[in-house]
Amino acid sequence: MQTLRLNSLRKRNSAANPSRRAASIVRRVTATLPCAALLLFPLVTFLASGCKNASAPAADVWAVVNGKEIKRDEVEKYYRTRISPEGQEPSQEEALSLKLNVIDELINNEILLERAKKLSLEASDGEVEDKFTEFKSPYTEDEFQRQLKERGVTVEDLKNTVRRELSIQKLINREVVSKVTINDQDISDFYNANRAQFNVAEPQYRIAQIVVTPRKDPQIRNRKNDDATNEAEAQRKVKMLVDRLNSGADFSQLAMDYSEDMNSATTGGDLGYVPESSLNQSDPTLKKIVLSLKPGQVSTPIVLKDSIRILKLVTREPPGLRSLSDPQVQQTIRDTLRNRKEQLLRASYLAVARDDARVRNYLAEQVLESNGKLPSAAKSTLPPKPVTPQN
C-alpha cells in the first residue's frame with residue numbers, strides 16, 4: 001500500500017513539473033541514440049560536448065588539415081630557410097606573419113598532395129631521385145652538405161620536399177594546365193582590343209637574364225632554391241652556367257632553375273621588351289653589351305658591383321605597328337592569355353580544394369586571442385651568425 005502511494009506521488013509530481021518530465025524524456029531518448037546523433041536534436045545539444053571529447057591539441061600542433069597535424073618543428077624548419085642568419089632578426093610581428101604564411105603554404109600543399117595521391121599522381125621514387133640528383137649536381141659533396149646545414153634541413157627533408165613539389169606539379173598539370181586553351185579568335189580579339197600596345201614608338205629589345213649575387217637572399221624563388229652566399233660560390237655558379245650554356249642547355253630553363261632575380265626567374269629570365277630609352281638609363285656596360293648582341297645571342301658574364309649577369313637578346317624590334325601576322329606578336333599574346341587563364345584556374349582550383357578540406361589553424365587562433373602578441377611562437381632558433389675573422 002505504501003509502495004502504491006509513493007508511485008502515485010511520483011506520477012503526480014512528474015505531471016506537475018514539466019521540466020522534470022522533459023528531463024525524463026531526454027534521458028529515455030538519449031539512451032537509445034548514438035552520440036553523433038545528438039547533434040540533430042536541439043533539445044539535447046548541451047550533451048554533445050560530453051560525447052565528442054573535443055580536447056585541445058598538443059602545444060606543438062599549429063594546424064590540422066584533414067586530420068594531419070602540422071607541427072611547430074616543421075613550420076620552424078621552413079621559416080629558417082627564409083631568414084638570413086647574416087641579416088637582422090625579424091621583429092615578433094614580422095616573425096609571426098612569416099610563420100602564418102608558411103603554415104598557409106603547408107596547408108595548401110597538404111590539400112593538393114592529398115588530391116594528387118587520390119588521383120595516383122604522386123611522384124615515383126625514380127622521379128624523386130632524378131630531380132634530387134639534378135638539384136645536387138652543381139655542388140661538390142662538401143658544398144652540398146654545407147648548403148643543407150645552413151638551411152637546417154636533411155637529405156630526407158629535401159627529398160620529401162622534391163616529392164611533394166613534383167606530385168603537386170603533376171596534379172596542377174592535369175587539373176589546371178591541360179584545361180587551358182587559347183584559340184586564334186582569342187588572339188585576334190586581344191590584338192584588336194590592345195592595338196596600341198603593339199605600336200612601337202622606338203626600337204625595342206626583348207631581353208632575358210640570369211642573375212647571380214654573392215650574398216644570401218631569403219627571398220630566392222628559383223626552382224632549385226639555389227643561392228650563392230659569397231664571392232667564391234658566385235664565381236663557381238657562373239662558371240657552371242656558362243659551361244652548360246656552351247653545351248646547349250636552354251637559357252630559360254637555367255634561369256628558372258638558378259637565377260637569383262626573384263622577379264624574372266619564374267618567367268625564364270624574360271624581361272619582356274625594353275625600349276631603347278630605358279637602356280639609356282641603365283648601367284652603361286649593360287647598354288653597350290645589349291646593343292652589341294644579335295637576336296638569339298648570349299653574352300659573356302657581366303660583372304657589376306652588386307651582381308653577375310648573363311644576358312640573352314631574344315629579339316630586336318624596329319619602331320612602328322607590329323602586325324598580328326608577326327609570330328612574336330602571336331606568341332606574346334598567347335603567353336599572356338595562357339598565363340592569365342592558368343592563374344585564374346589555379347586560384348579557383350585551390351579555393352575549391354580548401355572548401356572541401358577540414359582545416360584548423362591553431363597558431364592563427366592564438367595570435368588573435370593574444371592580440372598579436374605571442375612571444376613563445378615568435379621565438380625561433382636561428383643558426384648562429386658567422387664570425388668575421390679579425391686581422
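Which residues in the largest nonpolar core touch the most other members? Of its 16 residues, they are Ile 70, Val 75, Ile 103, Leu 106, Ile 107 and Ile 111. A nonpolar core here is a set of buried Ala, Val, Leu, Ile, Met, Phe, Trp, Tyr and Cys residues joined through side-chain atoms within 4.5 Å, and buried means under 20% relative accessible area with a 1.4 Å probe, protein chains only.

This is a predicted model, where local features need pLDDT of at least 70, side-chain atom pairs count only at pLDDT 80 or more, and totals for chains, interfaces and linings use all residues. Residues are numbered from 1 along each chain as its sequence is written, and side-chain values use heavy atoms, leaving out hydrogens and water.

Helix α5 gives the most, six residues. Beyond its neighbours within four places in sequence, Leu 106 is in contact (heavy atoms within 4.5 Å) with Ile 70, Glu 74, Val 75 and Tyr 78. Another core, of 15 residues, lies apart and includes Ile 210, Val 238, Met 240 and Leu 254.

On the α5 side the contact is made by Asn 109, Leu 112, Leu 113, Arg 115 and Ala 116, and on the α8 side by Arg 164, Ser 167, Ile 168 and Leu 171.

Key:
Helices (H or I, at least four residues) and strands (E, at least two) are DSSP runs, numbered from the N terminus. Buried means under 20% relative accessible area, exposed over 50%, partly exposed in between (1.4 Å probe, protein chains only).
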